[in-house]
Amino acid sequence: MCPLGCRIEVQVEGKEVKGVHGDRCKKGVKYAQQEVVFPGRILTTTVRTDNPEMPLLPVRSNQAIPKEMLIECMRHISKHATNGPVRLGQTVIENILGLGADIVACRSISLELPKISTGA
Amino acid sequence: MIREVDLAVIGAGPAGMAAAISAREAGLDNILLLERAEYPGGLLHQCIHNGFGLHYFKEDLTGPEYAERFITKLTSTDVTLCLNTMVTHLNYDRTVVAINPLWGEFIILPKAIVLAMGCREKTRFSIGIPGSRPSGIFTAGLAQKLVNVDGYMPGGEFVILGSGDIGMIMARRLHLEGATVKAVVEIMPHVGGLIRNEVQCLHDFDIPILLEHTVSEIYGNGRVEGVKIAQVDKYGSIMKDTERDVGCDCLLLSVGLIPENELSSEAGIELDPQIGGPVIDEYLQTSIEGIFAAGNVLQVWDLVDSVTVDGERAGANAARYVAGELEKEPRELKVIPGENIRTVTPHRIVGDESVEFALRVKKPIENAELTVGGYRKRYRVMSPTEVVKVTLKPSDLDTCWECGEVSVYCSERGKEEANE
């Protein structure tokens, strides 16, 4: 099952992908191969901030993380917190547990936004 | 205070933001975007998981990332964003009454309105689970806000009733945060949400899913101590002899969403009793001229990408209405849902342009053929959890105008071919 919703069949011999059926795009083929050879997931969670109005910052891994390492990564991320303003996409943890993926911010903190714009 | 504007958009979630931006791009000058929260973006901020934007941006984004793209775009326009602003009344003559800390109570006289209030969750009382009334019963979306935005864990051992997307996503989230999810319980014979969520949220973490089961009782003194889970028969009735106790300190309910239409009802807008949202034509115009609706207020969509597109269409059509380009034709085509169609929009067709239909099937079906008027399309699989969208050319409806109806139905291909 590809994230776009196509049901894909993969023929496997040993560790080798022999054939992919049911895909509707190239992304689907790549995903199906990946899912069989190296099942990874984007990890999304939060880290604490020092901003009382927004106590949590949503974060994600910028690449897939092996499924069996997700809980380990969660433990590691829970020890971190951010200080001060954060930009969307800013790296919060570099190369988490040596897996090659960075944990990056999913939103900005202190994005300039008027509380109410009067428009007058 | 009275404010005269071109367009008032109610709700600054994904539908409302898209509507305001597209109306501005279509040339409307004076737009008010009214939002009751402190921040635009709606529910996207608590949906920290990925899977957003695969269709719209061709990228895999999280909810907050998806929201920030539109917030950045919105704040670069001169659309007036009114935060902390609650709309208290909507009248049939299109006057809007709202209240906020800066202006107090004020009246808006817009030339057009886009309704983008979204939807809300059903509660324990919508489905009537018997038992005591301890603390520890949450809707899945509320629990999602507590965990993802406020930073609280609502419990330690969970049972989740309903396998809608939010329920399954919360199962994974709670598991990752160190809680135990004892079971996700679903009354239907298939999961309620997207298949990708069943795979990535439940199967990945070996969280048990109990199909054709339900919670038959909640018990606990002061705090939830456990629930009774029972199998249901093919009519959905509880089979008492299958009842068993499952200990937990928290029950999450992911039992469906209802379009939020208190304001629409007050204005006297005609609602579809099946969907709960306004009856619309292909321009997303409701039964009151100049009032448009978009996103989950209209029908509960499966993907935010579709909500954005809906918002853009409503905003652009509102702009056309204000410019006088949406003159109503004296003719009307009724859309009639037929075999295996649970919901279909639009409800009526008034113009002579291409029409986008959005529909859900009642039951999962393989080798399906969808028929809309003179248009046919084949599908390998259709599932009730997905909204299917098709666009018809005006010529596809030519034959329908004679009888004033267009019927929509979905049948199994093999069966029909055998009959022929």
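Trainee: I'm starting with chain A, so which residue in β5(A) is the bridge partner of A:T46?
Mentor: The bridge partner of A:T46 in β5(A) is A:P58, and please keep in mind as we go that this is a predicted model.

Trainee: How many bridges join the strands there, and which way do they run?
Mentor: Strand β4 of chain A, residues 44-48, is joined to β5(A) by five bridges, and the two strands run antiparallel.

Trainee: And what does β5(A) do with strand β8 of chain A?
Mentor: The two pair in the antiparallel sense over three bridges, with β8 covering residues 103-105 of chain A. One of the pairings to look for is A:R60, whose bridge partner in β8(A) is A:V104.

Trainee: Why is β5 of chain A largely enclosed?
Mentor: Strand β5 spans residues 56-61 of chain A, and five of its six residues are buried, so the strand is largely enclosed by the rest of the structure.

Trainee: What's the strand order in that sheet?
Mentor: The order is β4-β5-β8-β7 in chain A, which makes an open sheet of four strands with antiparallel pairing. At the edges stand β4 and β7 (91-93) of chain A, each of which has a single partner strand, so one side of each is left without a neighbour in the sheet. From one strand to the next, the twist averages 45°.

Trainee: How many bridges hold β7(A) to β8(A)?
Mentor: Two bridges join β7(A) to β8(A), and these strands run antiparallel as well. If you look at A:I93, you will find that A:I103 in β8(A) stands opposite.

Trainee: Stepping back, how many helices and strands does chain A have?
Mentor: Chain A has two helices and eight strands, and read from the N terminus on, its elements follow the pattern β-β-α-β-β-β-β-α-β-β. Of the 120 residues in chain A, 20% count as buried. As for contacts within chain A between residues at least 6 apart in sequence, 44% join residues at least 24 apart.

Trainee: Switching to chain B, what domains is it divided into?
Mentor: Chain B is divided into domain 1, which takes in 2-120 and 258-326, then domain 2 at 123-255 and domain 3 at 334-419.

Trainee: How many residues of domain 1 of chain B are in contact with domain 2 of chain B?
Mentor: Six residues of domain 1 of chain B are in contact with seven residues of domain 2 of chain B. On the domain 1 side of that contact, one residue is nonpolar, four are polar and one is charged. The C-alpha centres of these two domains of chain B lie 31 Å apart.

Trainee: Which residues touch the most other members in the largest nonpolar core?
Mentor: That core has 81 residues, and B:L7, B:V9, B:V114 and B:F292 are the ones that touch the most other members. Helix α8 of chain B, residues 304-322, contributes the largest share of this core, with eight residues.

Trainee: What is B:F292 in contact with, leaving aside its neighbours within four places in sequence?
Mentor: The list includes B:I113, B:V114 and B:L115, along with B:L284, B:A314 and B:A318. Apart from this core there lies another core, of 36 residues, and B:V159, B:A183, B:I218 and B:L252 are among them.

Trainee: What's the order of the open sheet of three strands in chain B?
Mentor: The order is β14-β15-β16 of chain B, with antiparallel pairing. The edge strands are β14 (213-219) and β16 (244-247) of chain B, each with a single partner strand, so one side of each has no neighbour in the sheet. The twist from one strand to the next averages 35° in this sheet. Strand β15 covers residues 226-231 of chain B and pairs with β14(B) in the antiparallel sense over six bridges; there, the bridge partner of B:T214 in β15(B) is B:A230.

Trainee: Last topic, how many residues does each chain bring to the contact between them?
Mentor: Chain B brings 31 residues and chain A brings 27 residues. On chain B, the elements that each supply at least two residues of the side touching chain A include α2 (63-75), α4 (140-150) and α6 (195-202). By class, that side of chain B has 13 nonpolar, 11 polar and seven charged residues.

Trainee: Which residues of α6(B) are buried?
Mentor: In α6(B), the buried residues are B:N197, B:E198, B:Q200, B:C201 and B:L202. Their cover includes β3 (40-41) of chain A, together with α5 (165-176), β12 (180-186) and β13 (209-211) of chain B.

Notes:
Residues are numbered from 1 along each chain as its sequence is written. Chains are lettered from A and ligands numbered from 1 in the order in which they are written. This is a predicted model: local features need pLDDT of at least 70, side-chain atom pairs count only at pLDDT 80 or more; totals for chains, interfaces and linings use all residues. Two residues are in contact if their C-beta atoms, placed from the backbone, lie within 7 Å. Ala, Val, Leu, Ile, Met, Phe, Trp, Tyr, Cys and Pro count as nonpolar, Asp, Glu, Lys and Arg as charged, and the others, Gly among them, as polar. A nonpolar core is a set of buried Ala, Val, Leu, Ile, Met, Phe, Trp, Tyr and Cys residues joined through C-beta atoms within 7 Å. A residue is buried if 20 or more other C-beta atoms lie within 10 Å of its own, exposed if 12 or fewer, and partly exposed in between; C-beta atoms are placed from the backbone. Two strands pair if DSSP finds at least two bridges between them. Domain bounds come from an automatic or database domain assignment. Axes are lines fitted to C-alpha atoms, for helices over the stretch in contact, and angles run from 0 to 180 degrees between N-to-C directions.
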